[in-house]
Amino acid sequence: GRGVAPSVAGTSPGKAIVAYRVITFTFQANVPAFSTAVQLRAGDVMAEFRVARLGGDRWSRLGAVNRNPEASTRPPTATNGPQVGIGYDGGAVVAWQEPDQTGAARIWMRRVFGTTPGPVLQASPSTWESRPVTADVDSFSLSVTPYSAALLAFRVTPGSGSPLAGRLLENVLQPTFATRAS
């Protein structure tokens, strides 16, 4: 389908994870709404960001990881699809673009422990030096280290008048364990 933008990561044969987008509604004229979903901006679509894990020769669908599945997301582009990475131990991190309660698109992340998604974590800022960041984060890149630390680089839309407009930023999600623990 349109805008699926799959991202796949693997550690060894038979161990992998995939994240992808499914457009569930496009807010087209003359098409009745299927729910009370809200279109935050013109052109937005309803979408789910889904995750599935490969174990041996079978895929297990883990379901949608969206923070708020009843709010619209930006239309698919080459730079706003979900991304996933996996560590040696099979611990994974998935990141996606989704608007917050103000309507500005932010980057969100979740760890995936086996077949269980962890809590949603906001990875891009909604304020900067006591000023609201009103611009969308329009592109991002995720990398996951061997010990499942996540490194996220993202760009705030240029020319928007927001305090971070046009800046490239990064965020780090620390590993789930310490290698020097005893």
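Predicted model: local features only at pLDDT ≥ 70, side-chain atom pairs only at ≥ 80, totals over all residues.
Let's start with S148, which sits in the loop between β12 (137-144) and β13 (150-156); strands here are DSSP runs of E with at least two residues, helices are runs of H or I with at least four, and both are numbered from the N terminus. Residues are numbered from 1 along each chain as its sequence is written, and side-chain values use heavy atoms, with hydrogens and water left out.

Back to S148. Its phi is positive, about 70°, although S148 is not a glycine. Is S148 buried or exposed? S148 is buried, because its relative accessible area is 1%. The cut-offs are these: buried is under 20% relative accessible area, exposed is over 50%, and partly exposed is in between, with a 1.4 Å probe and protein chains only.

A5 also has a positive phi, about 50°, and is not a glycine either. You will find A5 in the segment before β1 (7-12). With a relative accessible area of 32%, A5 counts as partly exposed.

Now please look at L164, in the loop between β13 and β14 (168-173). L164 has a relative accessible area of 0%, so it is buried. Which residues does L164 touch, leaving aside those up to four places away in sequence? They are P125, W128, V133, V156 and L169, where a contact means heavy atoms within 4.5 Å. Take W128 from that list: W128 and L164 are 36 residues apart along the chain, and their C-alpha atoms are separated by 7.5 Å.

Another pair to find on your screen is T77 and G3. They are 74 residues apart in sequence, yet 7.2 Å apart in space, C-alpha to C-alpha. T77 belongs to the loop between β4 (58-64) and β5 (83-86). Its relative accessibility is 40%, which means that T77 counts as partly exposed.

Next, the aromatic rings. The structure holds one aromatic pair. F25 and F27 form it, edge-to-face, at 5.1 Å centre to centre with 80° between the planes. For the rule, rings of Phe, Tyr and Trp (its six-membered ring) pair if their centres lie within 6.5 Å; planes under 30 degrees apart are stacked, over 60 edge-to-face, and the rest tilted. F25 is buried at 12% relative accessibility, whereas F27, at 22%, is partly exposed.

Let's zoom out to the whole chain. How many helices and strands are there? The protein chain has zero helices and 14 strands. Of its 182 residues, 44% count as buried. Among contacts with a separation of 6 or more, 54% come from residues 24 or more positions apart.

What about overall size? The C-alpha atoms fill a box of roughly 55 × 40 × 25 Å along the principal axes.
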